[in-house]
Structures are given as structure tokens and as C-alpha cells.
Amino acid sequence: MKKPVRVAVTGAAGQIGYSLLFRIASGAMLGPDQPVILQLLDITPSLPALNGVVMELDDCAFPLLAGIVQTDDPKVAFKDVDVALLVGARPRGPGMERKDLLEANGAIFTAQGRALNEVASRDVKVLVVGNPANTNAYIAMKNAPDLNPANFTAMMRLDHNRALTQIAQKTGNAVTAVKKLTVWGNHSSTQYPDIFHAEVNGKNAAELINDQKWLEAEFIPTVQQRGAAIIKARGLSSAASAANAAIDHIRNWVLGTPEGDWVTMGVPANGEYGYNDIIFGYPVTCKDGKYEIVQGLSVSDFSRARMDATYKELSEERDAVKHLLS
Ligand code: NAI
């Protein structure tokens, strides 16, 4: 039996947690022969609900679940963790401006970055799901100076998966036919889902679809606004699909991406495609537990304008939280 991998999940008593934990424990994230120890964090008032979730995890008798920790202390939750899924965040309340949301979450991700810096495995892979995910990941990264900045990532995979299905449905193919899609930028309504390098059954997706009106008036807005559409329909934000995307993100990071394809991850920008000092959605390939940004893709004026717009928003978010960075 392999040594268990320690996986921290924050906001574990929440909606996404309720979909995520059972799939991690079943082996969907790290593979069918990899035992896991779940280290679950939530705030003190949510601990009774978290205990209920833990009772259900116990009742599944998952063969791969080698232990469970439940706590309201980040230093306990992050002790020696190999993977940290930062899902818990402060939702936007009535009358709360974007600035207030950034501030409230800034405090959470400052503390969690520091705790990771102090007690997590030196190779910890961090995925921030809680919104605003890219900027929260940036704050955690900046507050963890002893960890490799490359190990702080934000979730763009739900956007990526949403776009895959839109293209598959438009072209009448299975999602497996669609490859090399990218969602550039921020996990927000400025994100830019890019089909110009995507392929459907090996053919260029933009050329195959050849429908600029659909691209501009349907595809891009549908992907950008999908989160809001789900809230409108369900009365709650996407949870099972968000958990699924988190599983996909970590599985590819740890176990690799398939040959001839790439995925979107929010990762630190170090000049790639002209962007810097933010966490940006990029096309990446993964191998041996490391990701690499796909370089050298051509960028048309149409794409550049949209990539610059989402970069501008991320730069403004970063500037609004500058005072929280160590
Ligand atoms: P939820 O409100 O059901 O659960 C959030 C949980 O986090 C609650 O149990 C709460 O007690 C906990 N929490 C709050 N502050 C915390 C802290 N400081 N430390 C630990 N736990 C804390 O929310 P849900 O639906 O599970 O969503 C979680 C986050 O994920 C939200 O910020 C949401 O906007 C975001 N999200 C991100 C997506 C993405 O694609 N990046 C997609 C969908 C949701």
C-alpha cells in the first residue's frame, strides 16, 4: 500500500465540500491505489455541520480513506499537507461592494498563506477555488515566501470544462473530440475562452465552426456568464461541477495531461504572453507533478483585446489588495 497523501480542504462543510470530499475519498482525484488523509477546515460555527459530513464519510467505509482531521485551526488543517484545496471563502453579502469582498477574503487568504508557509509540505500543491479565486491565490502565494510561488494556482478548470461542452454541442461531437482549448485570464466575467487554437477531431475549431456571430454573441458570453446562469436556475452557485473541476485540476497536475492536449490552470504570470505579477488562466501541460505554460501560441488582435481586458481587471484586483501583501 502506498503512503497516504495528506489533502487539506477548507470550507469543507460547504456546498462544494459536500461534493468534493466523497470523490477525493473514493480515489477520483489521486487514483484508485492512492490512500488519502483528509484534513478538513471550517470556521467554528460550521464545525457541527462538518462533523455531520465526517459521519457520512465514515459511513461510506472508503477503502482509500486512511484518516480524517476536522478543525477550525489552519495550522492543524495544513500540517504536512501535500495538496491544499482552498474552497472556503466569504460570499458576497447584501450591499457588499467588490472592494469589500476583496478585503474580507484578503484577510482569510493572508492567514491561510501564512499557515501553509509554516506547516505544509515544502512541495504542497495549492488550488484556490474560493472567489475571487485568482486574487485569493495571489494573496496566499505572497504570504508564503518560503514556498515555491509556482505551487499556488487558481481554478479556471470549471470555465475550461464549460467551454469544452459548448464546443462539443455546437459541432455535434463528444467532449473527448475537443482539445487544446484555453480560458485566458480571470475566473470572472472578463475571462476569455479561446477557440482559435482549439481542435475538434484534429481540425481547427474556429475554422470548423466558422461562425463569428456565434463566437461573439453566444459562445463567449455563455461561458463567461455560466456561473450567474446557474445561480439564477438553481438558487445556489455551482457546486458539483465546481468540485468536479477541482478534482480534474489536481488529477492532471499530479498525474499529468494526455499527450496532444492541454488544460487551463490559473498560475503565476511571469511575463508569458506579456503578463506579469498576477495569477492568470493559461494553457498548461503537466508531467511528473509539474505544469508548464504552453508557449508560442499566436495571438490575433481579437484575442489580444480580450486577454488584455481580463489582465487589466486582475491587475486592478491586485492593486486593491496590495496593502495585505507581505
Ligand atoms: P458555501 O457557502 O456553501 O461554503 C463555504 C464554506 O466555507 C462554509 O462552510 C463556510 O463556513 C466556510 N468558510 C468561510 N470562511 C472560512 C474560513 N475563513 N476558513 C475556512 N472555511 C471558511 O460555498 P460553496 O458553494 O461551497 O463555494 C465556496 C467558494 O467557491 C465560494 O467563494 C464560491 O464563490 C467559490 N466558487 C468558485 C468557483 C471557481 O470556478 N473558481 C466555482 C464555484 C464556486
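Pro132 sits in the loop between strand E5 (125–128) and helix H5 (133–142). Keep in mind that this is a predicted model. Asn131, joined to Pro132 by a cis peptide bond, is also among the residues closest to the ligand.

- The peptide bond between Asn131 and Pro132 is cis, with omega at about -5°.
- Tyr273 belongs to another loop, the one between strand E12 (263–270) and strand E13 (276–287).
- Tyr273 is not a glycine, yet its phi is positive, near 55°.
- Most residues other than glycine have a negative phi, and most peptide bonds are trans.

**Around the ligand**

- How many residues surround the ligand? There are 23 of them, and the closest are Gln15, Ile16, Asp42, Ser46 and Asn131.
- Ile16 places a backbone N or O atom 2.9 Å from an oxygen atom of the ligand.
- For Gly11, a backbone N or O atom lies 3.4 Å from a nitrogen atom of the ligand.
- Val129 has a polar backbone atom 3.3 Å from a nitrogen atom of the ligand.

**Helix H1 with helix H2**

- Helix H1 (residues 15–26) packs against helix H2 (residues 47–60) at an angle of about 30°, and their axes are 11 Å apart.
- Angles under 35 degrees count as roughly parallel, so H1 and H2 are roughly parallel to each other.
- The crossing of H1 past H2 is right-handed.
- On the H1 side, the contact is made by Tyr18, Leu21, Phe22 and Ala25, while H2 brings in Val53, Glu56, Leu57 and Cys60.
- Sorted by class, this contact of H1 with H2 has 7 nonpolar residues, no polar ones and 1 charged one.

**Helix H1 with helix H10**

- H1 also packs against H10, here at an angle of about 40° with the axes 8 Å apart.
- H1 and H10 are therefore oblique to each other.
- H1 passes H10, too, in a right-handed crossing.
- Which residues of H1 make this contact? They are Ile16, Ser19, Leu20, Arg23 and Ile24, and they meet Ala240, Ala242, Ala243, Asn244, Ala246 and Ile247 of H10.
- The contact of H1 with H10 counts 8 nonpolar, 2 polar and 1 charged residues.
- Ile16 links two of our topics: this residue takes part in the contact with H10 and is one of the residues closest to the ligand.

**Helix H6 with helix H10**

- Helix H6 (residues 157–171) and helix H10 (residues 240–255) cross at roughly 105°, with axes that come within 8 Å.
- That angle makes H6 roughly perpendicular to H10.
- From H6, the contact involves Arg157, Leu158 and Asn161; from H10, it involves Ser241, Ala242, Asn244, Ala245, Asp248, His249 and Asn252.
- What classes do these residues fall into? The contact of H6 with H10 divides into 3 nonpolar, 5 polar and 2 charged residues.

Key
Residues are numbered from 1 along each chain as its sequence is written. This is a predicted model: local features need pLDDT of at least 70, side-chain atom pairs count only at pLDDT 80 or more; totals for chains, interfaces and linings use all residues. Side-chain values use heavy atoms; hydrogens and water are left out. Axes are lines fitted to C-alpha atoms, for helices over the stretch in contact, and angles run from 0 to 180 degrees between N-to-C directions. Helices (H or I, at least four residues) and strands (E, at least two) are DSSP runs, numbered from the N terminus. Angles under 35 degrees count as roughly parallel, over 145 as roughly antiparallel, 65 to 115 as roughly perpendicular and the rest as oblique. A crossing is left-handed if the near helix is turned anticlockwise from the far one by less than a right angle, and right-handed if clockwise. Contact means heavy atoms within 4.5 Å. Ala, Val, Leu, Ile, Met, Phe, Trp, Tyr, Cys and Pro count as nonpolar, Asp, Glu, Lys and Arg as charged, and the others, Gly among them, as polar. A residue is near a molecule or strand if one of its heavy atoms lies within 4 Å of it. A polar contact is a pair of N or O atoms within 3.5 Å; within protein, one must be able to donate a hydrogen and the other to accept it, and residues adjacent in sequence count only if both atoms are side-chain atoms.
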